[in-house]
Amino acid sequence: MLSQAVILVGGQGARLRPLTHYIPKPMLPVLNRPFLEHTVAYLRKYGITDITLALSYLPEVIQSYLGDGSNLGVQINYAVEASPLGTAGAVKNAEPYLDSTFAVLNGDIFTNLDIADMLTFHQHKRAKVTIALTWVDNPSAFGVVETESDGKVKHFIEKPSPERITTNWINAGIYILEPEVLRHVPEGSHYMFERGLFPQLLKLNEPVYGYPFRGYWLDMGTSEKYLCLNCDLLSAKVISHLIPGLNRDGVSCKADATVHPSAKIMGPAVIGSRCRIDRRAYIRGPVVMGEDCHVGEGASIERAVLWTGVHIGTGASLKQCVISAHTRIEDNEQIIGCANS
Ligand code: GDD
Ligand code: MG
């Protein structure tokens with residue numbers, strides 16, 4: 001049984017700016033809860049309760065929010081890097097917390113991968129490393145993984161140029177590792193799984209396997225993907241173990257929110273505490289509104305995520321966008337498209 005995992009939380013999430021200017025990517029609110037809480041709930045469902053966060057960007061924001069993990073029913077350890085050590089270097093830095101077969105997750109992945117089944121595969125193959133593989137239309141932004149018919153990895157190509165793409169199966173950023181492979185990772189220096197450890201293990205002819213799966217998988221690396229994840233959860237395309245009770249098409253509205261009787265809300269929507277929705281406002285889900293948002297008279301919102309304290313002026317119209325905390329949208333302003341600051 002798998003009981004330990006490391007979640008990688010580094011980098012500024014450059015393609016998510018300005019949203020990640022002062023919030024690390026894994027703390028972005030998803031259905032009004034930090035993304036990492038969903039990941040922790042996912043691991044907990046599989047009995048993985050000894051979780052180490054390998055942190056290199058804004059670690060204090062995460063530590064002060066999650067604490068020792070007891071609120072989430074898990075134990076959280078922290079391995080903080082003085083400067084970014086890369087994906088494998090960050091796990092090496094967490095080595096004191098690892099003493100049995102463990103999982104590693106990129107901190108920006110949402111998936112419903114059956115990790116128990118992946119572990120069975122890993123054990124059956126007697127692998128030292130098993131890499132979950134997901135199929136994508138365009139692999140160029142990912143790590144391509146070529147395998148033999150039995151799943152043994154032949155080749156990695158990280159971020160391939162179009163002519164080097166030989167398969168659509170990519171590294172899903174979820175691994176199962178035997179602790180002994182960490183002896184190949186240099187201590188205290190920058191080292192990556194993708195370009196360093198995995199190719200090195202192949203050279204040494206160590207058993208590295210790919211585990212293909214067809215479930216839900218999303219890398220929340222851009223604001224479009226971030227919006228898409230919120231919408232997919234609202235529409236019940238995938239469920240979160242953190243908020244399992246969400247019902248498709250439903251409107252979940254906090255009791256202390258005020259909605260004018262002439263306002264119209266079409267689900268799926270989540271309306272946070274103390275929100276105020278004025279007369280003839282029109283909300284067409286999927287929509288998430290954080291706490292203390294105000295939607296002015298006649299304003300319309302469609303397929304959007306609003307963080308806390310957003311003000312939408314009278315007659316304004318928003319579609320397909322993410323609005324960060326405390327933003328003021330002026331009367332009659334129109335916003336179409338992602339990520340406003
Ligand atoms: N602690 C720590 N320190 N974490 C790091 C560091 C570091 O120095 N560098 C990156 N990370 C974390 C990121 O925060 C993220 O959670 C994860 O490692 C992967 O980094 P990304 O920057 O999101 O990489 P990517 O999405 O371009 O590519 C990776 O993920 C793809 C799947 O989404 C690679 O693993 C690809 O091969 C893979 O296909
Ligand atoms: Mg990523």
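How many salt bridges are there between domain 1 and domain 2? The count is zero, where a salt bridge is a side-chain nitrogen of Lys or Arg within 4 Å of a carboxyl oxygen of Asp or Glu. The views below look at that boundary and then at some local spots.

This is a predicted model, in which local features need pLDDT of at least 70, side-chain atom pairs count only at pLDDT 80 or more, and totals for chains, interfaces and linings use all residues. Residues are numbered from 1 along each chain as its sequence is written, chains are lettered from A and ligands numbered from 1 in the order in which they are written, and side-chain values use heavy atoms, with hydrogens and water left out.

View 1. On the domain 1 side seven residues are in contact with nine residues of domain 2 (contact means heavy atoms within 4.5 Å). The size of an interface is often given as the accessible area lost when the parts come together. Here the two domains bury about 600 Å² between them, with 72% of it on carbon and sulfur atoms; buried area is the accessible area (1.4 Å probe) that two parts lose on being put together, summed over both. The side of domain 1 that touches domain 2 has six nonpolar, one polar and no charged residues. For these classes, Ala, Val, Leu, Ile, Met, Phe, Trp, Tyr, Cys and Pro count as nonpolar, Asp, Glu, Lys and Arg as charged, and the others, Gly among them, as polar. One residue pair is in polar contact across the boundary (both at pLDDT 80 or more). A polar contact is a pair of N or O atoms within 3.5 Å; within protein, one must be able to donate a hydrogen and the other to accept it, and residues adjacent in sequence count only if both atoms are side-chain atoms.

View 2. Helix α1 spans residues 35-45, and nine of its eleven residues are buried, so the rest of the structure largely encloses it. Buried means under 20% relative accessible area, exposed over 50%, and partly exposed in between (1.4 Å probe, protein chains only). Helices (H or I, at least four residues) and strands (E, at least two) are DSSP runs, numbered from the N terminus. Among the buried residues of α1 are F35, L36, H38 and Y42. E37 is buried too, at 3% relative accessibility, and its side chain meets that of R33 in a salt bridge (2.9 Å, N to O). R33 is partly exposed at 30%. After α1 comes G47, with a positive phi near 80°.

View 3. Side chains of opposite charge can pair when their charged atoms come close. The side chains of E291 and R274 do this at 3.4 Å, N to O. E291 lies in the loop between β19 (282-289) and β20 (294-295) and R274 in the loop between β17 (269-271) and β18 (276-277), so the pair ties together parts 17 residues apart in sequence. E291 is partly exposed at 37%, and R274 is partly exposed at 44%. E297 and R280 form another salt bridge, their closest N and O atoms being 3.3 Å apart. E297 is partly exposed at 31%, while R280 is exposed at 53%. A search of the whole structure finds twelve salt bridges.

**View 4. The end of strand β10.** E158 lies in strand β10 (residues 153-158) and is buried at 18% relative accessibility. Its side chain has a polar contact of 3.3 Å with that of K159. Leaving aside neighbours within four places in sequence, E158 is in contact with F142, G143, E194 and R195. K159 belongs to the loop between β10 and β11 (169-177) and is partly exposed at 44%.

View 5. Most residues other than glycine have a negative phi, and most peptide bonds are trans. K159 has a positive phi of about 50°, and A236 has a positive phi near 60°. A236 is found in the loop between α6 (223-234) and β14 (251-253). A cis peptide bond, omega about 0°, joins G267 and P268, and P268 lies in the loop between β16 (264-266) and β17. The bond from G285 to P286 is cis as well, with omega near 5°; P286 lies in strand β19.
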